[in-house]
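These are my notebook entries on a structure that I had not examined before. I set down what I looked up, topic by topic.

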Amino acid sequence: MSRKPGRSGGVRDSVEAVGHTIERALDPLTAALKKAALDRADRAQRQYSGGAEAKPAATTAATATPGKPGLAVSPLAVPFPRMEAVPGVEVAIARAGFYKHDRPDLVVFRLAEGTTAAGVFTRHSIGSAPVDWCKKQLEGDRSNEIRALVINAGCANAFTGRPGADAARRTASEVAKRFDCRQRDVLLASTGVIGVVLDDRKIAARMADIEKGLQPGRWLEAAQAIMTTDTFPKGAYAEAKIDGTTVRIAGIAKGSGMIAPDMATMLGFIFTDAALSPAVLRSMLSVHVRSTFNSVTVDGDTSTNDTALIFATGQSGAPRIGRVGDRRLADFSAKLEGVMLDLAHQLVRDGEGARKFVKVQVTGAVSPASARRIAKSIAESPLVKTAIAGEDANWGRIVMAVGKTDEPVSRDRLAIRFGPHQAAVDGAPAPTYDEAKMSAYMKKPELEISVDVGVGRGQAAVWTCDLTKGYIEINGDYRS
């Protein structure tokens, strides 16, 4: 189920307003830090992809284990980064057998005593059993200590009713016994086919091997094990300073199709050795998810399992931060957003069948919320996305996508650019329009579409990809 841009505007504007209030509370320098973080993430992506020309798929083929056999690695793929171990985090990988073919499909993280956590989840009306479980465990002060995270691929355990909920509970109980903690201290995440009840016996049968295999720093293997139709593993890493002490931030994610996050991403997991209260984690995750995971789209479809979780082990030696507005969080907050944006970009780069990585920038809107809705309308339009796939700068389709949102726009001030090339200005074709230059630009693997709607100062960016025959081929036989 996707949500059309422009609907429930009052509610969404209220959510945006609350988000901006929290953002201001985080630090007076938030706006500057946010811009710096976004710029850093953009630069990092360009370094990975070689600037305007994407690196060939061979750069990641050696380390990628495609979630589905036969899928070619995305031409927009980026190499898995070097990621240091995060003190207080151990991980083990196993094959539980949720897939017919031989591949890892189970990841278990064991976390140090005192680890705090926070999460944001799908607002899809048919959430999965793991989402329901995590929401319950993270309510109120329950997130004061989380000791484990269990992730499986191959079965979403969504739309499975009471049997699915029972399977989730039994999984948490089995892991809790092994790790000598409460079952409420175990969080769960699943991805795969909807409508199939999780066979938790397969997880229980591998727990002895999981215990023996726990090691720090196994980020690449973990990222590979949670892949479904992903063609390359996704990771991001940064280091920040809190009161002069270095803290680490490591994240992995998965997602390729059914990507139009509404509060989170398909699956995203971030770990830090900073000492942060659950309230601080919740605030920062909620603020930064808006400009990162909620600002990417592949196909406009939200998922039953969208989950983003952040864990803080407190093992760095940095002072514990319990107040959202503490200025010592400034560098950490910026670096965290950079990690989240990096992961979000990689989701788009691995969009099913994608050949183009596209930034849609909207300016001149009545509010940032309005700008985001307009940008998403452009980014999710099949007509726009197929034109991009065909390397056609069909700016008429951009006009269509802007106007259908019911957002305030000025027809006579509307301006559209493709990269440095002006296509329309003041509501009419640009007098300097050059078809040859525009066609040459559209052949690039990374594109930027800029639209000014001429009614205010609100702006927002959304990242998307093109829509090719590959998307149909992958999803036409998804279950097989």
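**Entry 1. The six-stranded sheet**

In what order do the strands of the open sheet of six lie? I read the order as β13-β12-β11-β14-β10-β15, with mixed pairing. I note at the outset that the model is a predicted one.

I then looked at the two ends of this order. Strands β13 (428-429) and β15 (458-465) are the edge strands; each has a single partner strand, so one side of each has no neighbour in the sheet.

Next I followed the pairing of β15. Strand β10 (residues 357-365) is joined to β15 by seven bridges, and the two run antiparallel. Within this pair, I found Gln-361 opposite Ala-461 of β15.

I also recorded two helices that pack on the sheet. Helix α11 (residues 368-380) touches β10, β14 (446-452) and β15, and its direction makes about 25° with that of β15. Helix α14 (residues 435-442) touches β11 (415-418), β12 (421-425) and β14, with a direction at about 120° to that of β12.

**Entry 2. A residue of β14**

Is Leu-447 buried or exposed? Its relative accessible area is 8%; because the cut-off for a buried residue is under 20%, Leu-447 counts as buried.

I listed what Leu-447 touches, leaving aside residues up to four places away in sequence: Lys-356, Phe-357, Val-358, Lys-359, Ile-388, Tyr-441 and Met-442.

The charged end of Arg-349 sits over the ring of Phe-357, at 4.2 Å from its centre.

**Entry 3. The four-stranded sheet**

I turned to an open sheet of four strands, whose order is β1-β2-β4-β5, again with mixed pairing. Its edges are β1 (89-94) and β5 (186-193); each of them has a single partner strand, so one side of each is left without a neighbour in the sheet. On average, neighbouring strands of this sheet are turned by 15° against each other, direction ignored.

How many bridges join β2 to β4? I found five between strand β2 (residues 106-111) and strand β4 (residues 148-155), and these strands run antiparallel. Arg-110 has Ala-148 of β4 as its bridge partner, and Val-107 stands opposite Ile-151 in β4.

On its other pairing, β4 is joined to β5 by eight bridges, and these two strands run parallel. Here Ala-153 stands opposite Thr-191 in β5.

Why is β4 described as largely enclosed? Eight of its eight residues are buried, so the rest of the structure largely encloses the strand.

**Entry 4. Helices beside this sheet**

I noted that helix α5 (residues 161-179) lies across β2, β4 and β5, and that α5 runs at about 135° to β5.

Which residues of helix α4 (residues 129-137) are buried? I recorded Ala-129, Pro-130, Val-131, Trp-133, Cys-134 and Gln-137. These buried residues pack against β3 (116-121), α5, β5 and β9.

**Entry 5. A residue in a loop**

Where is Thr-292 placed? I located it in the loop between α9 (278-291) and β9 (307-312). Thr-292 is buried, with a relative accessible area of 0%. Setting aside residues up to four places away in sequence, Thr-292 touches Glu-337, Met-340, Leu-341 and Ala-344.

**Entry 6. Aromatic rings**

I counted four aromatic pairs in the structure. Ring pairs link Phe-109, Trp-219, Phe-271 and Phe-311 into a cluster. I also found the charged end of Lys-234 over the ring of Phe-232, 4.6 Å from the ring centre.

**Entry 7. The protein as a whole**

I ended with the totals. The protein has 15 helices and 15 strands. It comprises 480 residues, of which 57% count as buried. Of the contacts between residues at least 6 apart in sequence, 81% join residues at least 24 apart. The accessible surface comes to about 18600 Å², and 52% of it belongs to carbon and sulfur atoms.

Definitions and conventions. Residues numbered from 1 in each chain as written. Predicted model: local features only at pLDDT ≥ 70, side-chain atom pairs only at ≥ 80, totals over all residues. Heavy atoms only, no water. Pairing = 2+ DSSP bridges. Contact = heavy atoms within 4.5 Å. Axes fitted to C-alpha atoms, helices over the stretch in contact; angles between N-to-C directions. Buried < 20%, exposed > 50% of the residue type's maximum accessible area, 1.4 Å probe, protein only. Areas by Shrake-Rupley, 256 points an atom, 1.4 Å probe, with all protein chains shown as cover. Phe/Tyr/Trp six-rings, centres within 6.5 Å; stacked < 30°, edge-to-face > 60°. Lys NZ or Arg CZ within 6 Å of the ring centre and 35° of its normal.
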